[in-house]
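Student: I would like to learn how to read cores and sheets in a model. Can we go through one together?

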Amino acid sequence: MIRITVNNHEHEVSRHDTILGALEEIGIKVPTLCHLKGLTPSGACRMCVVEMEDTGNLVPSCAWPLTDGLRIKTHSGKVLTARKTIVELLLSNHPDDCLYCRRRTDCELLGLASSLGVDGRGVKGRVATGAKDLANPAIIRDPSKCILCGRCVRVCEEVQGVSAIDFIGRGAATIVGTAFNESLNIGSCVNCGQCVRVCPTGALMENPQISRVLEALADPGKVVVAQHAPAVSVTVGELWGSKPGEDLQGVMTSALRQMGFDRVFDTSFAADLTIMEEASELVHRIRSGGQLPMMTSCSPGWVKFVEQCYPEFIGGLSSCKSPQQMLGAMVKSYWAETEGIDPKDIFHVAIMPCTAKKYEAARPEMVTGAHADIDAVLTTRELHDMLRMSGIDMEKVTPEPGDNPFGQRSSAGKLFGATGGVMEAALRTAHYMLTGENMARPIVTEVRELQGVKEASLEIAGLTLKVAVAHGLKNAARVLDEVRQGRELHFLEVMTCPGGCIGG
């Protein structure tokens with residue numbers, strides 16, 4: 001513990017690398033734009049400046065080392081003037097279309113302007129321009145709204161290891177773009193959406209499909225079906241203030257019916273099918289000498305990453321479709337036939353935590369005959385926007401169960417929402433297939449929690465299964481590099497997003 005003085009009050013805090021870490025521990029909020037927790041600080045935007053009492057200098061709290069006896073001011077007149085000036089400079093060439101921007105309710109730049117009392121253009125500049133990149137089915141890029149904070153560049157490179165975007169150009173001509181400034185659609189982007197998650201403005205957004213869904217809901221000739229991923233019912237509630245981690249599946253199902261959906265299915269049903277298929281495939285590969293390690297195929301960003309960066313491992317991917325696509329195929333075949341509905345009259349909406357699911361649904365392999373298995377994919381944020389548009393008070397919604405036959409699930413299917421869940425469910429099922437008995441210890445703690453890479457070795461019916469779980473593509477690349485060098489591994493689960501689908 002060390003002692004520091006903040007705003008004339010002495011505090012005892014844990015040892016942190018930077019001033020910002022100590023301020024967060026104390027509970028003092030300092031605005032940031034370029035900072036990403038857990039990554040090496042860049043100190044680029046200067047929004048987090050604080051004043052050193054002994055010199056009167058302003059220093060970036062996200063990058064300045066914390067030392068014992070430090071005396072700082074976080075909201076002095078000099079500090080507030082500096083922050084306001086930074087925002088005014090950022091706004092000097094920013095488009096004035098906040099009324100129409102889809103990030104207007106949670107734009108960090110707009111929030112900073114409001115909190116710092118910016119009520120006009122303090123600095124006049126040429127409004128930024130740049131053609132929107134609309135070609136990617138998952139992500140839209142609007143260069144005119146980019147403030148060069150660098151968050152997207154850093155998460156793409158340091159967390160995902162993809163480096164699909166970077167700073168290009170020099171000086172005042174610097175922009176964030178792709179190689180040769182081409183569309184995201186033809187670069188190395190895997191559509192994971194982590195750049196969208198960290199973007200503070202509307203420069204990066206999911207490709208919206210709300211209008212298509214509303215059009216289908218208004219069409220009396222369409223049977224509109226919704227499926228929702230295991231993670232969505234846990235994460236969507238945080239957008240309207242529920243306790244983090246609370247599962248609101250019944251509430252969400254009821255709300256979707258109020259919005260006009262004819263059937264509401266649970267993607268966890270298809271996750272259970274995926275587990276049965278993957279477990280049997282794993283056992284078959286081990287017994288017959290198939291390609292190992294077998295790797296999960298339910299995360300489309302990961303699949304694309306393998307296709308373009310590790311093509312020699314494509315044969316190791318499970319032959320299973322993802323749960324989204326598996327349920328999509330069943331709805332437009334088995335369920336359509338059972339209900340006597342022509343597949344062309346079904347409009348199937350998947351509600352997912354992942355922008356890459358939009359890309360996956362658009363892949364040509366996911367079309368059966370003349371019909372796509374999934375017609376539209378909504379992210380959790382888009383679902384929240386639709387709920388708000390519908391005027392539904394979520395606190396007054398009575399929970400309802402999903403529709404049969406795809407409204408039921410086991411706990412294994414629900415585990416898909418977090419990293420390690422697919423692996424744990426597959427090991428349970430593989431154990432039953434090999435021994436005819438359930439595992440005595442069904443909770444496989446070795447593959448739980450949020451370490452970047454988790455490993456386990458289990459004995460099942462005389463077979464030694466060596467497994468690993470990775471989340472975040474940079475971690476996955478590390479495991480694949482080890483396999484290239486001869487590491488023995490039977491099964492590898494990879495989730496594209498940090499934490500799995502809950503981090504989508």
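Tutor: We take the cores, then a sheet, then one serine. Keep in mind that this model is predicted.

Student: Which residues have the most contacts inside the largest nonpolar core?

Tutor: Start from the general idea. Nonpolar side chains tend to be buried together in soluble globular proteins. Here the largest such core holds 39 residues, and I139, W302, F305 and L492 have the most contacts inside it. Helix 4, helix 5, helix 10, strand 18, helix 16 and strand 19 each supply at least two of its residues. Helix 16 gives the largest share, 6 residues.

Student: What does F305 touch, leaving aside residues up to four places away in sequence?

Tutor: F305 touches V162, V190, Y310, L473 and A477. A second, separate core has 32 residues, among them A226 and A350.

Student: Which strands stand at the edges of the open sheet?

Tutor: Read the strand order. This sheet has 4 strands in the order 12-19-18-17, with mixed pairing. Strand 12 and strand 17 are the edges; each has a single partner strand, so one side of each lacks a neighbour in the sheet. Strand 17 and strand 18 run antiparallel, joined by 8 bridges. E455 stands opposite A468 in strand 18. Helix 15 lies across strands 17, 18 and 19, at about 150 degrees to strand 19.

Student: Is S92 buried or exposed?

Tutor: Check the relative accessible area; under 20% counts as buried. S92 is at 10%, so S92 is buried. S92 is found in the loop between helix 2 and helix 3. Its side chain reaches the backbone oxygen of L89 at 2.6 Å.

Definitions and conventions:
Residues are numbered from 1 along each chain as its sequence is written. This is a predicted model: local features need pLDDT of at least 70, side-chain atom pairs count only at pLDDT 80 or more; totals for chains, interfaces and linings use all residues. Side-chain values use heavy atoms; hydrogens and water are left out. A nonpolar core is a set of buried Ala, Val, Leu, Ile, Met, Phe, Trp, Tyr and Cys residues joined through side-chain atoms within 4.5 Å. Buried means under 20% relative accessible area, exposed over 50%, partly exposed in between (1.4 Å probe, protein chains only). Contact means heavy atoms within 4.5 Å. A polar contact is a pair of N or O atoms within 3.5 Å; within protein, one must be able to donate a hydrogen and the other to accept it, and residues adjacent in sequence count only if both atoms are side-chain atoms. Two strands pair if DSSP finds at least two bridges between them. Axes are lines fitted to C-alpha atoms, for helices over the stretch in contact, and angles run from 0 to 180 degrees between N-to-C directions.
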